Every structure is written in C-alpha cells, then in structure tokens.
Amino acid sequence: MSVEFSYTANLQWTSTTESTPTIARIAHLLSVAQRINVRFFTSALFFSLFKVAFSAAIETRAVNAVTIDVVNAQLAPDGFERSTVVANGQFPGPAITAFKGQTLEVTVNNKLTDASMRRSTALNLDGIFFHTDNVYEEAEPFVNACPIAPESSYTYTVPLGSQAGTFWYHSELSVQYVDGFRGPLIIYDPEDPHNSLYDVDDKSTIVELADWWQNSSLPLMAGYEATGIVPVSDTGLVNGAGRFNGGPEVPWSIINVVQGKRYRLRIINESARNVFTVSIDNHNLTIIEADGELTEPLTVQKFEMFAGQRYSAVLNADQPVDNYWFNAPFVGGSPARNPHQNTTLSRAIIRYAGAPIADPTALMTSGPADGALIEADLRPLVPTPVSEPDMTLNLDFEVVAGKAIWNINNVSFLPEKVPTLERVLGGAFQPGDFNATENVIVLPANATIDVVFPPTEDDDAHPLHLHGMNFQVIKSMSSPVNNTVNPIRRDTIAVGGSGTTIRFSTNNPGPWFFHCHIYWHKQAGLATVMLADPVTVQTAVHPSKAWEALCPAYNALPEELQ
Ligand SMILES: [Cu+2]
C-alpha cells in the first residue's frame, strides 16, 4: 500500500545518511551482497536492500501517491480505550514522506461509520504552500472546498515545489482532529544545506506531541459552547503514548540512539490546544528548522512549541550510554478542571544502544530551569528580502465572556455553506460581496501586507496559522524589537503578550484561511480569510470535476452524515 512508500523512503534515509542514494550506490550494495555469500545474510538484510533499491526508484518518481483510509478505531494511547477518527487505524497516523520537487497525490477514503463523531472529513496538509492555480486543493472546508462525504474518496494533488522540511496533516473539519486524525508529513531534501550537521534523519527521529481527550470532540465542543470553557485535555502524548493521573502505566515511547551519532529530531506539536516545552535531560538541542524553513543553527536547552508549530532540532548523542528523559510538559487550561491532567507524565525515553531496557533512573522533571529558546533569536539560514509594507492590518482579538465566541475586530468567523473560493469564481471580489461573518479581508495584488496583533493582557497566546504560504516574523512576542533585517519565516506564530507583527506578500492570489491553531478557538470564530487579488483568482483557477462534485454531495447529506 502506498503509505508504505513513505516508510521505505524513510528507511532509505536510515541506510544512507550522508547523501542521496543513487542508482550507482544501490548497484554497489547489491554487488556487495553478491560477493559475500548471501546465504549468511539474514532475511532482514535482504529486506532492507530491497527497500533501499525500491525507495531509490521512488525518489526519482515525479508523483508520490499516498492513500489514507480515514476510519474509526478503538484505541487507548493513554491506556483509556475510546473510539477514534484516525488515518489507517492508528494514532498518530502513518508518516507521509516525500522528496523535494515531487507531486504528492493523497487519496483520502472516508470510511467513517461511528455516529458519535463527525462522519465527513477533510484533509489539511499543514504548512504546504499552494499556488493560485491549485488553491482548490487547499481543503479548508467552506473556504476552499467542501468536506468529503462518508463512503467517498477524494484525491488531493499537490506539487511540492521547492519546499522541504517538517510538516503535518490533520482533519480540517471542525475540531475533528481532536478525535485523532493527525500525523506527520516530512519532505526530505537530498541536498539539505544542513546535511553535515546530523547523521540520522528517518522515521525514528519524528517526534509527535499531542494533547489527548478521553471524550470525543462533539460532547467536548458542546461543553465549550455551554460554558465558554475550552476543554482541558486528559493527557499529553509523545509519539502516541502518555499517562494520566490514576491511569495505567502505558509504556513510554522510546527514541533509540547510538552513542556518537547526531539525530535530526523533527518535532511536531500536533495539538488542538496545548503548548509543550521540549527538553532532554543532560543534552542540548540545536534548532535548524522552524515550520519548514531552515534557520541558522541555534543551541538551546529547551523550547516552547505552540499548537501547529514544528522544529527540527539536532540531538548529539554524546553522553554516557544510558536512558534519558525526553521531557514534554505542557500547559493548556487550568489543571484543576481536569483531575486526570499531570503534565509530568508527558514524556518519552531517549535510549542509547547498550543501555538497560528500563526507565531512566533520574527523577521525572519539567526539564532545565534556564536555556529556553527566544524565538526572536532565530535567524534564517538564507534571509529573504524584506519589503516595506503597502498596507497594515490591525487584528484585535476579543472573547465573549462565558461563550465559545472569539471575535477578530468584532467579527466572529462563521463558515458559509458555499466556499469562499466558489463565490469568488462566481464573481465576488469586493468586501460587500461577502457576509460580514465570513471575515474576508480583500487584499490588493502584489502588495506587502503587515498584520499587527496589538499587545494583550490575556494569559494565553494564540498560535495564528496562515494557509497556502508563510510570512516573515517582523516582531515576535518574545522580544520588544522589530526585525526588518533578517526575520525568520514560519507559518504558525504565537500572538499575545507584548504583541506580534508578521509580513507577507499577496503575490500568490487566493483565499487563504488564517486562524488560531487552538482548534477550539478556530471553531469559536477566531479566523479570517485573507483574500489576495480575487480578480486574478477568477481567471487563473480552474477546479477539477472532482472538486466541483464535493459540495453537492456534502450538501445532500442528512446532518448526521455531515
Ligand atoms: Cu486561540
């Protein structure tokens, strides 16, 4: 099955970390196998040789086809069994991997049957750029497309262009990914400029952090709507395992390392709410990538990750052979609201080869007190030119007390029945053509836009995420200083505290959803649509027949199947 493509592509990275496997290298490996009496080889070696050869073939393939069956499964990542909505029956979902320059074709088969959760679905390839002519494949429900009905399929075709790095995928419908439909998406660059900084970069170095609820998202959302209190998670999971107060001793996830090697950990916060702080006992971490953009290496002891954010951090296994805690304490609402919550029980084990199969002997802590990453200290590996803004938008967030309603400039986003894109293609192009609650901000062509989030007194920061493209971080909330010299680019930025300013260009026309990655807040209306250059969209976008069929099929469904 095609998802196994991904795994083989990953394994290829295990076998040859120094560079791309070429056909010549494969031939060499095979000839080595022939020279040595192959009967002494284990079948495992045969298997891995086959995989190396197989994945080399994939690498040269222009199209990388992946199939995901979205199903209901009984799972217990924290020891409490519940029904879930997951990719291929597992949590987290299988790794989707690709190589830079490929076209990803992701077929989603909606096989959901459990009536206690949403039955339709939609796939978001989080952080992937979409070019204008392909904007209809950006699956944001009711902005770019309609969801996929039960018992039907849709294939998203996405040229990856020059992007490489750490991304993820998740359900984009309502808060459905709370129920489990989340997983990693990694684009490998055989010519990664940071290649020399690490030895290992494969499936074993993907680290997925996630908040987890033992109840399903529909009753949780109903509770939020009734009280205005965002559901507080039961558990924090690292690579699909974690523990809660009073729960069973679920085995910790193990990240295996070999002394003397350097590992590119690709850490993804796949949360719907929680902020995780990552550290490893006795080890520093060197950040080399943020949200799919390479940075200058920056060594820290720990870093915070907001929902939707990703970092690549190099772990140098240069300590004595032993077991070490990977600490991932989290915050996300008052722990008093959920007695299960124990943020100390959100962790994994870094196990050196040769260490006992046992928990680390060190105490479980929240990690070092100092040495935290300051986002404003990150520098891009290759700075992008900084233009002066042509237009500045001030976005002010306000919550309606006691309700699940968030406003941006006094408007709470409500999805329309007909996607924004469809209405643009039907002739809409100016602010008056859209309902106020759609929160469409019409932007001129080829303009540089500043979005300014003023300082707030809220405790919680909101991770704002832009679809289809990323932005320069002119002012991080971690610093009072504006950086117009060498700002990093990323696609998810914390907004709150001392204020945040981002800058992007509208040279990529389209309706681009811009929302809080605390999915409860997104569902409560903390979202806008950045509609860049709609007139160009009208002539440049020609959706497929399959896309056109999505809305009629979805709208014909009875509510319980939507
Ligand atoms: Cu938020």
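Which residues does Phe326 touch, not counting residues up to four places away in sequence? I looked this up and found Val238, Ile255, Ile280, Arg347, Ala348, Ile349 and Ile350; two residues are in contact if their C-beta atoms, placed from the backbone, lie within 7 Å.

I noted that this is a predicted model, in which local features need pLDDT of at least 70, side-chain atom pairs count only at pLDDT 80 or more, and totals for chains, interfaces and linings use all residues. Residues are numbered from 1 along each chain as its sequence is written.

I then turned to the core. The largest nonpolar core has 144 residues, and Phe326 is listed with Leu209, Ile267, Ile287 and Met305 as having the most contacts inside it. Such a core is a set of buried Ala, Val, Leu, Ile, Met, Phe, Trp, Tyr and Cys residues joined through C-beta atoms within 7 Å. A residue is buried if 20 or more other C-beta atoms lie within 10 Å of its own, exposed if 12 or fewer, and partly exposed in between.

Six strands form an open, mixed sheet in the order 10-9-12-17-14-15. Its edge strands, each pairing on one side only, are strand 10 (235–238) and strand 15 (293–300). Strands are DSSP runs of E, at least two residues, and helices of H or I, at least four, numbered from the N terminus; two strands pair if DSSP finds at least two bridges between them. Strand 9 (residues 206–212) pairs with strand 10 in the antiparallel sense over four bridges, and Ala210 has Leu237 as its bridge partner in strand 10.

Finally, I checked Gln538, which lies in helix 7 (residues 534–540). Gln538 is partly exposed because 15 other C-beta atoms lie within 10 Å.
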